[in-house]
Amino acid sequence: MNNTAQELSKLDLEHIWHPCSQMSEYDSVLAIKRGDGAVLYGYDEKAYIDCISSWWVNIFGHGNAYIAAKIAEQASMLSQVILAGFTHEPLVRLSARLCKLLPSPLNKCFYADNGSAAVEVALKMSYHKNKLRGKEKPLFLNLKNSYHGETIGALSVGDVELYKASYGGILIDCISAKVPCDFSAWGSEIVSEDEALSDLEKVLKTHAHCISAFIIEPLIQCSGNMNMPSPAYTKKACELVRSYEIDVIFDEIAVGFGRSGSMWAMEQVGFVPDFVCLSKGLSGGNLPFSVVVTSDSVYNEFLGDFDRAFLHSHSYTGNALAAAAANATLDIFESENVIEKNKALSAFILEQFKWARHHEKVRNFRQRGMVLAFDVPRLAGAKSREFRSLALNRGLLLRPLGASLYFMPPYVITRDQITFASTQIKELINEL
Ligand SMILES: *Cc1c(COP(=O)(O)O)cnc(C)c1O
């Protein structure tokens with residue numbers, strides 16, 4: 001570490017409490033000076049390939065010149081205006097574009113500033129809509145091993161025990177149905193799609209009358225060790241839920257914007273939910289931003305007297321800089337044929353990582369779209385954190401989820417960088 005990096009690390013530890021971290025494990029913290037494409041640079045100019053898109057947000061690279069220019073242009077015009085009673089061009093254009101890209105009847109956008117907040121919005125809207133129809137349904141349904149964020153409501157409808165355990169006393173009510181999975185790498189269960197569906201049906205038969213909504217991360221449970229249930233299962237599960245007159249919320253916060261291989265995971269599933277939550281890739285990974293898109297029929301339910309209204313707001317709802325970044329992100333999707341190009345990139349990634357498929361230390365090799373993952377039983381526990389620093393030494397930003405190692409880079413990663421990352425990861429695993 002050079003002097004600036006050392007000074008920053010020291011001052012950081014005096015004043016910053018880091019997310020998702022046991023602070024007693026920090027004896028220093030790496031300061032990143034700048035980014036360029038898929039690469040981050042420290043103050044000593046050491047390069048790190050961002051194999052996880054900085055927590056899955058950065059889809060078009062760090063320091064993206066086009067998006068940066070659009071944000072700067074917007075900043076000199078208007079950064080923020082109260083959205084109650086006012087609007088602005090970037091947000092109007094963005095909303096029309098999103099609704100055009102999403103299947104009908106998804107046609108009304110409600111904005112927030114992070115993924116968890118979007119999940120809260122969708123949960124409240126569904127519950128409130130039912131109440132307006134005279135139905136009190138205070139329960140939510142999710143799948144085991146799902147993740148929907150960290151605020152109380154979002155945490156309640158997730159099922160990652162590690163994050164929830166301490167807050168049991170203050171969560172809202174949610175029940176879980178089994179999810180198809182293969183967690184045999186750490187001695188845990190294998191659940192087939194049929195078993196998951198029949199468990200879902202069992203839960204529905206008992207509790208359907210008081211469930212407002214079913215929330216699901218379609219196709220990839222990202223935080224849940226990159227578990228990848230099939231489109232066919234997902235469609236059957238959603239149709240089953242809908243047959244009980246329960247709303248379906250797609251949390252596409254991580255899988256939207258091309259990550260699953262199509263622009264939206266719902267395209268592969270062949271099912272249009274009542275609500276979709278988008279965030280992470282929405283601003284191309286540049287600014288905190290999120291949106292819930294729902295139908296005119298849900299929206300219409302809230303019309304009438306003022307006390308029927310959806311009185312939810314955030315100070316930064318519909319921020320103009322974030323909207324400009326999101327429009328720039330959609331420009332790139334349009335002008336660069338990203339979804340098609342990603343198909344070739346995803347095939348290249350598979351080819352480069354094919355050594356892992358039959359590696360003796362690897363289990364459950366899987367890929368969907370722009371996410372490749374496999375389990376390395378030896379990575380379980382503290383080993384996983386040690387592995388992160390070994391990877392950094394080799395110029396890779398990796399963050400295994402327990403024993404699951406995943407590669408989820410920005411779409412602008414070069415073929416040479418993929419090859420380099422694959423080679424380094426192979427050596428790291430051989431040395432385990
Ligand atoms: C990241 C994530 C969230 C929460 O978004 P935040 O912006 O971190 O609050 C919710 N759902 C899924 C599927 C996510 O991956």
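The structure holds 20 salt bridges. This is a predicted model.

**Salt bridges**

- Side chains of opposite charge can pair when their charged atoms come close.
- Glutamate 195 and lysine 178 meet through their side chains in a salt bridge, at 2.9 Å from N to O. Glutamate 195 belongs to helix 8 (residues 193-207) and lysine 178 to the loop between strand 6 and strand 7 (181-182), so this pair ties together parts that are 17 residues apart in sequence.
- Glutamate 195 is partly exposed, because its relative accessibility is 31%. Lysine 178 is also partly exposed, at 28%.
- Arginine 308 forms a salt bridge with glutamate 301, and their closest N and O atoms are 3.8 Å apart. Arginine 308 is partly exposed, with a relative accessible area of 25%. Glutamate 301 has 19%, so it counts as buried: the cut-off is under 20%.
- Arginine 394 and glutamate 427 make a salt bridge of 2.8 Å, N to O. Arginine 394 sits in the loop between helix 15 (383-393) and strand 15 (396-397), while glutamate 427 is in helix 16 (residues 415-430), so the pair links parts 33 residues apart in sequence.
- Arginine 394 is partly exposed at 21% relative accessible area. Glutamate 427 is partly exposed at 35%.
- Salt bridges with shared partners join Arg97, Asp331 and Glu334 into one network.

- The contact takes 31 residues from domain 1 and 30 residues from domain 2.
- Together, domain 1 and domain 2 bury about 2600 Å² between them. Carbon and sulfur atoms account for 62% of that area.

**Phenylalanine 353**

- Phenylalanine 353 lies in the loop between helix 13 (338-352) and helix 14 (354-357). Its relative accessibility is 1%, so it counts as buried.
- Leaving out residues up to four places away in sequence, phenylalanine 353 touches Phe365, Leu372, Phe374, Phe407, Ser422 and Ile425.
- Phenylalanine 353 and isoleucine 418 are 65 residues apart in sequence, and their C-alpha atoms are 9.1 Å apart in space.

**Surface patch**

- Ile152, Tyr167 and Ile170 make a nonpolar surface patch of about 280 Å².
- Tyrosine 167 is in the loop between helix 7 (161-164) and strand 6 (174-177). At 40% relative accessibility, tyrosine 167 is partly exposed.

Methods:
Residues numbered from 1 in each chain as written. Predicted model: local features only at pLDDT ≥ 70, side-chain atom pairs only at ≥ 80, totals over all residues. Heavy atoms only, no water. Patch = residues over 30% accessible without salt bridge, like charges linked within 9 Å, V, L, I, M, F, W, Y side chains within 5 Å. Areas by Shrake-Rupley, 256 points an atom, 1.4 Å probe, with all protein chains shown as cover. Salt bridge = Lys/Arg side-chain N within 4 Å of Asp/Glu carboxyl O. Helix = DSSP H or I, 4+ residues; strand = E, 2+ residues; numbered from the N terminus. Buried < 20%, exposed > 50% of the residue type's maximum accessible area, 1.4 Å probe, protein only. Contact = heavy atoms within 4.5 Å. Buried area = accessible area lost by both parts, 1.4 Å probe.
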